[in-house]
Structures are given as C-alpha cells and as structure tokens.
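Hi everyone, thanks for coming.

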Amino acid sequence: MVTSVLPRVESLASSGIQSIPKEYIRPQEELTSIGNVFEEEKKEEGPQVPTIDLTEIESEDKEVQERCRQELKKAAMEWGVMHLVNHGISEELMDRVRKVGQKFFELPVEEKEKYANDQSSGNVQGYGSKLANNASGQLEWEDYFFHLIFPEDKRDLSIWPKIPSEYTEVTSEYARQLRGLASKILSALSICLGLEEGRLEKEVGGVEELLLQLKINYYPKCPQPELALGVEAHTDISALTFILHNMVPGLQLFYQGKWVTAKCVPNSIIMHIGDTIEILSNGKFKSILHRGLVNKEKVRISWAVFCEPPKDKIILKPLPETVSETEPPLFPPRTFAQHIEHKLFRKTQDNLSNSN
C-alpha cells in the first residue's frame with residue numbers, strides 16, 4: 001500500500017472539519033469568481049452550453065446529415081464543449097457505469113487504498129488525489145480513480161476495481177461503445193474541416209493507437225465551497241473528452257471572458273474538444289478552459305474519458321489543409337508527450353511568477 005502524505009479529501013470531508021486546510025484555498029483573484037453552484041446552474045440569462053442532437057449524424061438523407069454536422073461544427077468552433085443527446089449509448093448502460101463507479105467510491109477509504117497509485121514513480125493508474133506538485137502548493141477538492149480502458153490489449157486489469165464484481169464487464173462495454181462514438185464524431189469533424197472522413201481518426205492514432213483513459217472524479221461535500229475548486233482551470237490535452245456525471249452541477253466553462261455553469265441535461269454525455277484537435281484544426285475547433293466547483297450539500301461524481309493519441313509516435317501540428325497564407329500555423333510541431341511537457345512548464349512558470 002502506498003501511503004499518501006495528505007489524507008484523502010473524502011477523509012478530510014467526513015472528519016467534521018468546519019474550515020478547509022489552507023492548501024485547498026484558492027488565490028484571492030480566483031475567489032471573486034467562485035459562486036454557489038446550484039444558484040449558478042439555475043441562471044437562464046446569458047450564454048448556455050449548446051446541446052447537439054446526434055440522431056441524424058449518420059442519416060441516409062444527406063441534407064439532414066449535413067444539418068446535424070453543421071450544428072456540431074458551430075459548437076466545436078464557438079464553444080469546444082457541448083451536451084450530446086441521442087448519442088447511441090443506452091441510458092441503461094450509462095446508469096450501470098455510474099452505479100459501479102459509485103459503489104467503488106462507497107467502499108471504506110482503507111479498501112480503496114489497496115488500489116492507490118504511486119505518482120512519484122510515474123504510475124498514475126489507480127486511486128489517488130492530487131499531489132502539490134506546483135510552486136503554489138495548491139490542492140483540489142477531489143479524489144479519483146484513473147485507468148486505461150481501451151484498446152483492450154493495452155489494459156492492465158490487475159489494477160481495476162474488484163468490487164463491485166461487475167465493474168470490469170460494465171466499464172469494458174462502455175469503453176467499446178464510446179470508442180464507436182468517438183469515431184463517429186471524428187468522422188463528422190473531419191468532413192467539417194473539408195478533409196476525408198477518416199483523416200482525423202488516422203491523425204490521432206487510429207483503431208490501434210488512440211487510447212481511452214477513464215478518470216472517475218469524486219468530489220466530496222465541502223464545508224467551504226466558496227473557497228475551493230474540485231478541479232482548477234485547465235484545457236484538456238486529449239483529442240476528445242466524454243463526460244458522464246451524477247446530475248450534480250459543477251462544470252464551468254470560461255466563455256467570452258465569463259465563467260458559465262453547465263446545466264445538467266438528462267441522458268446526455270458532455271463532450272470537450274481537446275488540445276489535440278485544436279492543434280490539428282489550427283485553432284478552428286476550440287479547446288475551452290474549464291474548471292469544477294464543489295458544494296456543501298451533495299457529493300458530485302463525474303466519469304471523464306480522455307481519448308488521447310500515443311505519446312511519441314505522432315507529431316501533432318496543424319494539418320496542411322487548415323493552413324494558408326492568411327491563416328499561418330498557430331502551433332509548432334510537437335509530440336503529445338512534448339505538448340504535455342510544454343503545458344506543465346508554462347504552468348510552473350505561471351505559478352512561480354504568481355508566488356513571487
């Protein structure tokens with residue numbers, strides 16, 4: 001078992017503390033924008049995250065299909081995040097995914113610790129909490145479980161939860177279906193960029209190499225939610241990210257200079273365009289800055305699946321078709337691993353300059 005330097009956030013939350021440790025308190029300039037998530041979610045005025053109905057994405061009627069693609073394109077260009085409905089994954093399977101993940105997190109912390117990851121040795125798969133690995137020493141109000149779920153031959157089933165017993169079966173089926181949905185979306189986005197249908201899929205690794213990583217985020221109730229964040233502001237490094245949640249609000253998007261709270265849309269899957277697609281499209285499709293709020297009343301759980309290209313095999317850069325004299329490349333060529341390094345380096349620099 002790996003012992004953590006700090007207690008799990010769940011243990012902190014259930015210890016009866018009235019005020020949160022200073023490591024979890026956000027910097028002053030962030031605090032002004034953190035509101036009550038339930039009140040934020042009720043707001044009807046202002047911009048709202050688009051909802052995209054995928055019923056017609058593979059329609060025989062080309063005109064109908066094109067209309068669906070155009071809506072997807074608009075959302076990808078303006079927001080880079082959307083609620084997908086009629087996406088082809090059954091409500092029953094999504095409920096089972098939520099149920100098995102929730103059951104795992106209902107186990108005692110000691111039981112979950114058997115699956116603890118060891119971040120210091122680079123082993124990120126398993127049960128964990130964020131370590132203070134940046135200059136500001138900031139922590140996030142969440143615990144998580146992280147593992148690779150597709151392709152099946154790249155999984156390490158030995159670290160998957162044994163309890164509940166149906167965890168592997170349910171999660172594997174969800175992974176297969178989500179991989180199919182990712183292909184559908186990548187095809188449509190390729191056509192929206194004027195590329196051949198299979199192009200983006202190929203550019204992010206294809207059937208063999210595109211990795212699906214599942215991170216179950218567990219956000220315990222927080223005694224001072226106005227001072228903390230479940231996850232700090234970031235963009236996803238993935239090609240696409242698909243998110244299920246337990247219908248407790250928390251996701252916020254930084255849109256047109258303001259934080260917008262995503263509504264809870266029944267039976268939807270939230271989809272983010274990640275940095276990888278933003279780079280390949282030369283910024284035509286957006287990877288939006290987002291964060292997670294926490295609250296006093298309800299535990300929030302989300303299931304985020306990151307579809308990622310292989311770390312070193314592919315050079316990510318704007319595709320030639322997306323570049324012109326008037327639209328020069330906005331991103332230098334980098335492997336996925338180099339992109340991650342570059343983001344970490346920039347973040348460290350930002351933290352150092354903020355803490356001086």
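So, how many nonpolar, polar and charged residues are in the lining of the largest cavity? The answer is six nonpolar, two polar and two charged, where Ala, Val, Leu, Ile, Met, Phe, Trp, Tyr, Cys and Pro count as nonpolar, Asp, Glu, Lys and Arg as charged, and the others, Gly among them, as polar.

Before going on, some ground rules. This is a predicted model, with local features needing pLDDT of at least 70 and side-chain atom pairs pLDDT 80 or more, while totals for chains, interfaces and linings use all residues. Residues are numbered from 1 along each chain as its sequence is written, and side-chain values use heavy atoms, leaving out hydrogens and water.

A cavity here is a set of points on a 1 Å grid, over the protein atoms alone, where a 1.4 Å probe fits but cannot get out; lining residues have an atom within 4 Å of a point. Points are joined across faces, edges and corners, and volume is the space filled by probe spheres set on them. The largest cavity has about 40 Å³, and its lining includes His245, Lys263 and Arg300.

Lys263 also turns up in contact (heavy atoms within 4.5 Å) with glutamine 48, as do Lys43 and Trp79, leaving aside neighbours within four places in sequence. The side chain of glutamine 48 has a polar atom 3.3 Å from the backbone oxygen of lysine 43, and one 3.4 Å from that of glutamate 44. Glutamine 48 and alanine 13 are 35 residues apart in sequence and 32 Å apart in space, C-alpha to C-alpha.

Terms used
1 Å grid on protein atoms, 1.4 Å probe; cavity = no way out; pocket = protein on both sides within 12 Å on 5 of 7 lines; lining within 4 Å. Polar contact = N/O pair within 3.5 Å; in protein donor to acceptor, adjacent residues only side chain to side chain.
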